[in-house]
Each structure stands twice: as C-alpha cells, then as structure tokens.
Amino acid sequence: MIFFIIFGYYFMPKLLLNLNTALISGVAIFSPLHALANTETSPAPIIIQGAMQVEAEHFAAKLDNVKQRQIGEWRFWQGTVDGYPVIVSETLKGMSNVAAATSIAAVEFKPKAIINQGTAGGHDPALHVYDIVVGKYSVNLGAFKTPHKLQGAGSNSVEWKPMDLLASKGSAGEDKNAHSIRQFAADPQLMKAAEQAIPAYTKGKVVEGVIGSADVWNSELDRIRFFHENFSTSVEEMETASAAQISSLFTIPFIGIRVLSNNITNNGKYDAQTGIACQDYVYDVLKAYIKQINVQK
C-alpha cells in the first residue's frame, strides 16, 4: 500500500492549486508549483508601485539582493532595504493595469503594506513642479453619472454626479445613496513615515492632499478647477485610487505619494526628472516605515 503525503498546500478561494508530483523511495510527495511568497519566518514584504519604467527602475536599483520576476506583463523586483523584504512593482499605466498588479501582489506576496508613487499633474495653483503630495485621501475621478438630457441638449461635465461604486452591491446608477465620491484614506502609520521623511526632501515642499485618478488626461482648466473646488483634488494621475480600492478590499495598509511633474493651472512646465525625485523621497519614507516595524517587534 502506498501512502501519500500531501504538504505545502494552502487554500485560495475559487483558485485551483496545481501540484507537482515527485517519487521518493516509493512515496508520492505533492508540493505547489510556486512556493509561498512568505514563510512563517520571513516578514511580509512592502510593495512599492510605479506605473512606468521611469517610475520604478530607479527605485529597483536601490534594492539589495535583488532578483526580477515576471508575471504576465507585470515586472516585480524582489530584494531588501535595511534587511527588510521589499518588492518594486511596475504596474503599467491606467486603472485596470494597476488593479491587476495590486491584486497579483496581494495574492502572490501577501504584503505588509503598499506604497503607490510616481508623477502627477497639478490641480492646485499653489503647488509647483517638484512639490510632493502625500495622499491623505485618493478619489476616483472616472466614476460619474450624467443627468438625463434629450438629443440635442448638449453635454456639460460639471453637471455629472459622482458614483460610489462600493456603496452597494446593486446598480450604482440607480442607488440614490451612491452619489458621493468615495475617499480612500491612507494608512496612519504610512502617513507618519511620510511625515518623518519630509526634512530630507529639498527639491520642493511636501504637503498632505487628495490624489485624483482616472483613465483621463484632463487639460480643461474649468474641469480641473471643478475637481479641485468640489473634491479638493491636489493632483491627478491614472493609478492611485484604483490601487487604494484594491488594497482596501484586501485590507492591506496603503498610501499614495505623487510628485508634480507639471501644473497647467500655473504654467508649470513638464520635467521628466521629477519621477526620480519622488522615488528618492519614497525611499526615505520606506526606511522610516521599516524603522517603525522594527520598533514594534
């Protein structure tokens, strides 16, 4: 009689687990095709997200003991900072891509926290290129319901009402309680780490604010002002709110941090080097957060 020993098995809802079979001395041993990202002795990693090469590769170069992993079209650099596991994730641009990258990271690596960072366009005329916005909140600027208008009545985007897609499990368009914008709050400990890193940043000021996200590039000053006045947006980009939403569904601590690469509200011209500056600041945020974790041990 052959006895089967099954180990290395872990359960993920609605997901089939592929198994390898190896025969050792007549005993069949089963193990997952991929090893668990975290073991009981290894702390959960911190994920640093950047949408583009210029928002990720500079940070990845700061890791020690780094190795690169490809999952679909998404790249992950696994390494350490101050001996703590850190993974840099190139999420690709846009709300869907970053949602997928965040979901992959949540399931595959089971992270301690996620920091989404990169460049953004300014909504606040008081902010300038190289200023950094630490997202106390992030909001989805792409979820709206238009009012009913007859053909030929035209369209006016400032009349559109926001939709909270998480307000209920029914139709958001028919839910009268869903017409407010969902704010995804940053984790307090990550906010504290961001504050601790401020003194070292000298290329601009660092402020708390609201990051707006959508698969839209807004260049209409009236619409930008509408967002700023009604939803308190400081900047806009295409990823943070989506990553924040997915992180909230997995109950993973999250923060978004964005540097102004341009600001058309005050004629701030685009500067490609701002992405490097943001990664350097976030590196200091990361180190401050790791110190917090070590103190709590």
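The largest cavity is lined by N140, A143, M163, D164, L165, L166, I181, R182, F184 and Q245. By class, six of these lining residues are nonpolar, two are polar and two are charged. The volume of this largest cavity is about 80 Å³, and the structure holds one cavity of 30 Å³ or more. Rolling a probe the size of a water molecule over the atoms shows where empty space is left. The model is a predicted one.

**Chain as a whole**

The chain contains six helices and 15 strands. Of its 297 residues, 48% count as buried. The accessible surface of the chain comes to about 15500 Å², and carbon and sulfur atoms account for 55% of that area. Among contacts between residues at least 6 apart in sequence, 72% join residues at least 24 apart.

**Strand β14**

Strand β14 covers residues 233–237 and is mostly covered, with five of its five residues buried.

| β8 (residues 113–122) | antiparallel | two | G122 |

**Residues with positive phi**

Most residues other than glycine have a negative phi, and most peptide bonds are trans.

N65 is not a glycine, yet its phi is positive, near 55°. This residue is found in strand β5, which spans residues 64–71. Is N65 buried or exposed? N65 has a relative accessible area of 66%, and since the cut-off for exposed is over 50%, N65 is exposed because its value lies over that limit.

D82, also not a glycine, has a positive phi of about 55°. Where is D82 placed? D82 lies in the loop between β6 (74–81) and β7 (84–90). The relative accessibility of D82 is 47%. Buried requires under 20% and exposed requires over 50%, so D82 counts as partly exposed.

Conventions: Residues numbered from 1 in each chain as written. Predicted model: local features only at pLDDT ≥ 70, side-chain atom pairs only at ≥ 80, totals over all residues. Heavy atoms only, no water. Helix = DSSP H or I, 4+ residues; strand = E, 2+ residues; numbered from the N terminus. Buried < 20%, exposed > 50% of the residue type's maximum accessible area, 1.4 Å probe, protein only. Pairing = 2+ DSSP bridges. Contact = heavy atoms within 4.5 Å. Areas by Shrake-Rupley, 256 points an atom, 1.4 Å probe, with all protein chains shown as cover. 1 Å grid on protein atoms, 1.4 Å probe; cavity = no way out; pocket = protein on both sides within 12 Å on 5 of 7 lines; lining within 4 Å. Points joined across faces, edges and corners; volume = space filled by probe spheres on them. Nonpolar A, V, L, I, M, F, W, Y, C, P; charged D, E, K, R; others polar.
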